[in-house]
Amino acid sequence: MNINIRTSTLALAAVCTALLASTAGPAKAEETASLFGTGRVASVTYGPYLRLDVGRAAPSYGGANWRPPGFDPDPEIRFGLSGDDSVTHGSLAVGFDWQNGWRGDVGIVGTGTDRLAGPCIGASDASDCSVHADIESASIKTTGIMGHVFYSPFEAQGSNSPFQPFFVFGAGVARNKVGEWTRVNAGSLRPSRTFEGDSTSSLALSVGVGASYQITKPGEWPIILEGSIRYFDFGEASGGSTPLPGNGSEGPVRPLTFDTSQSVVSFGVRIPLKRY
């Protein structure tokens, strides 16, 4: 994982964990505000809002495999797939804040393109990987539509501080686009073969913690900064089965297929669309 993402994640996690742990007892407005020594209260944010965030994601890929053209008797091959240390991640959403600890929104989520490769790490018949293919190159990019629910425990207990930690949960549909992918096998009649990419839809889930801070003064149009640490499970991704011209005619029984997820550190802004 990229060292900058790891450091930011640990720092934000420590702050959020300490704050959220304190919700076991009563949380009054002045107690929360004293975290920053401001003593001031937040402007009314009840109603619709717009939220934008950007960040960096540490991707993870599990269960990577393919079934070669001669599958059965040829075995299923498993790969240790990996990509870049980090990719971009962002979202744009519209939602509604009930200002009672709960708010929710729906929007688009997207990631940057990650370049993948990975060696054979096993075969279903326990044969040695030296006689099987490796994945020389592939790519993946995810877009999706997700709904998120945010719960701010201090606000739910009556705090109107400009600083509010929160939990966030999300669900939606991810569109995982795998680009052209290449398998290499020095012992094959065709040492290198490249196949078309493909897009697949999958259930997307997310969970995380974060904190928000209203930077504007009472009476001004509210502007809220947010930071969060979230885990996204984007489900299954799969490449295409059709060989590119000059790469033979027989496609795999099962193309390169894998599970994709991300650990995301993001920062953004939330702006109410109605002023009171």
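Modeller: Asn247 lies in the loop that runs between β12 (224–238) and β13 (254–272); strands (E, at least two residues) are DSSP runs, numbered from the N terminus. This is a predicted model, in which local features need pLDDT of at least 70, side-chain atom pairs count only at pLDDT 80 or more, and totals for chains, interfaces and linings use all residues. Residues are numbered from 1 along each chain as its sequence is written, and side-chain values use heavy atoms, with hydrogens and water left out.

Asn247 counts as buried because its relative accessibility is 13%; buried means under 20% relative accessible area, with a 1.4 Å probe and protein chains only. Neighbours within four places in sequence aside, Asn247 is in contact with Arg190, Ser192, Arg193 and Thr194, where contact means heavy atoms within 4.5 Å.

Phe195 belongs to strand β10 (residues 192–195). Phe195 is buried, at a relative accessible area of 0%. Apart from neighbours within four places in sequence, the contacts of Phe195 include Trp66, Trp181, Pro243, Leu244 and Pro252. From C-alpha to C-alpha, Phe195 is 9.5 Å from Leu256, while 61 residues separate the two in sequence.

Another strand is β5 (residues 114–118), whose covered face holds Asp114, Leu116 and Gly118 and whose uncovered face holds Arg115 and Ala117. In a regular strand, side chains alternate between the two faces of the sheet. β5 pairs with strand β7 (residues 134–151) in the antiparallel sense over four bridges; two strands pair if DSSP finds at least two bridges between them. Ser139 in β7 is the bridge partner of Arg115.

Note on methods. Buried < 20%, exposed > 50% of the residue type's maximum accessible area, 1.4 Å probe, protein only.
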